[in-house]
Amino acid sequence: TTAKVEQLNGSLSLVTTAPRGGPGQVVLADKRRELTFGIPHIPALAGLDADELQGVRLFGSESQFDGVTAARDRLLAKMRTSLEMTIEAHRLGAIKGQILDKDGSVLQDLFSAFGVTQLTHGFALPTAGTKVKTKVAEALKKMEDALGGVSYAGVRVLCGTDFFNALVS
């Protein structure tokens, strides 16, 4: 029913030089905080009535009737697909910083929970003459600044089809 995330608010910094045997720089321990998130309940309900199956032919057949087991299995598969899509939408929302419900209302604002503000960067891709490499370099610089000196091994960007097509063209 809940998920706990432990946050370590550390930052890296350079250490001041000193003569051998001299006093070293004090490095303070990182401050920790634990965040607890409620896991939303996602109920999916369905039912089959006898009237829905009585006298109904099996799809694609002229002589066989639809059975309760086959109808139930189709309904369960539909429910499973809906739940999987909902969970995937919640995962994508977590990546984007806001987990949304089906109606668009905010279930969890991760920016508020972690006390950070969302950084944005305009690429101006529809504008003729935009220097795409420069825009990408500027975005990378913003990411580096936000990391505050923490090293990273690479950047992975998730984007929609329209943005990707504009970027590569």
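User: Hey, quick one to start. How many helices and strands does the chain have?

Analyst: Five helices and four strands. Keep in mind that the model is predicted. Going from the N terminus, the elements run β-β-α-α-β-β-α-α-α.

User: And is the chain spread out or a compact globule?

Analyst: Spread out. The radius of gyration is 26 Å, while the globule rule gives 15 Å for 169 residues, so the chain is more spread out than a compact globule. Its C-alpha atoms fill a box of roughly 95 × 50 × 30 Å along the principal axes.

User: What share of the residues is buried?

Analyst: Buried residues make up 10% of the 169 in the chain.

User: OK, new topic: rings. How many aromatic pairs are there?

Analyst: A search of the whole structure turns up two. One of them is Phe37 with Phe114: the ring centres are 6.0 Å apart and the planes sit at 35°, so this pair is tilted.

User: Why is 35° called tilted?

Analyst: Planes under 30 degrees apart would count as stacked and planes over 60 as edge-to-face, so what falls in the rest is tilted. The 35° of Phe37 and Phe114 falls there.

User: Got it. Where do Phe37 and Phe114 lie?

Analyst: Phe37 is in strand β2 (residues 32-38) and Phe114 is in helix α3 (residues 110-114), so the pair ties together parts that are 77 residues apart in sequence. Phe37 is buried, at 11% relative accessibility. Phe114 is partly exposed, at 25%.

User: And which residues make the other pair?

Analyst: Phe123 and Phe163, and they're edge-to-face, with 5.3 Å from centre to centre and 80° between the planes. Phe123 lies in the loop between α3 and α4, and Phe163 lies in helix α5 (residues 161-168), so parts 40 residues apart in sequence get tied together.

User: Are those two buried or partly exposed?

Analyst: One of each. Phe123 is buried, with a relative accessible area of 16%, and Phe163 is partly exposed, with 29%.

User: Switching to strands. How do β3 and β4 run?

Analyst: Antiparallel, with three bridges joining β3 (residues 98-100) to β4 (residues 106-109). Gln98 stands opposite Asp109 there. The two strands form a hairpin with five residues between them, and Gly104 in that turn has a positive phi of about 90°.

User: Where else does a glycine have a positive phi?

Analyst: Just after α4: Gly148 has one of about 65°. Helix α4 itself has 16 residues and reaches 23 Å from its first C-alpha to its last, close to the expected 22 Å.

User: I clicked on His90. Which helix is that in, and is it buried or exposed?

Analyst: His90 is in helix α2 (residues 68-96). At 14% relative accessibility, His90 counts as buried.

User: What is it in contact with?

Analyst: Leaving aside neighbours within four places in sequence, His90 is in contact with Pro40, Ile42, Ile99, Leu100 and Leu107.

User: Last topic, salt bridges. How many?

Analyst: The count comes to five. Among them is Glu34 with Lys4, where the closest N and O atoms are 3.8 Å apart. That pair links distant parts of the chain, 30 residues apart: Glu34 is in strand β2 and Lys4 in strand β1 (residues 2-8). Lys4 is exposed, at 56% relative accessibility.

Definitions and conventions: Residues numbered from 1 in each chain as written. Predicted model: local features only at pLDDT ≥ 70, side-chain atom pairs only at ≥ 80, totals over all residues. Heavy atoms only, no water. Phe/Tyr/Trp six-rings, centres within 6.5 Å; stacked < 30°, edge-to-face > 60°. Buried < 20%, exposed > 50% of the residue type's maximum accessible area, 1.4 Å probe, protein only. Pairing = 2+ DSSP bridges. Contact = heavy atoms within 4.5 Å. Expected span 1.5 Å × (residues − 1). Salt bridge = Lys/Arg side-chain N within 4 Å of Asp/Glu carboxyl O. Rg over C-alpha atoms; globule rule 2.2 N^0.38 Å.
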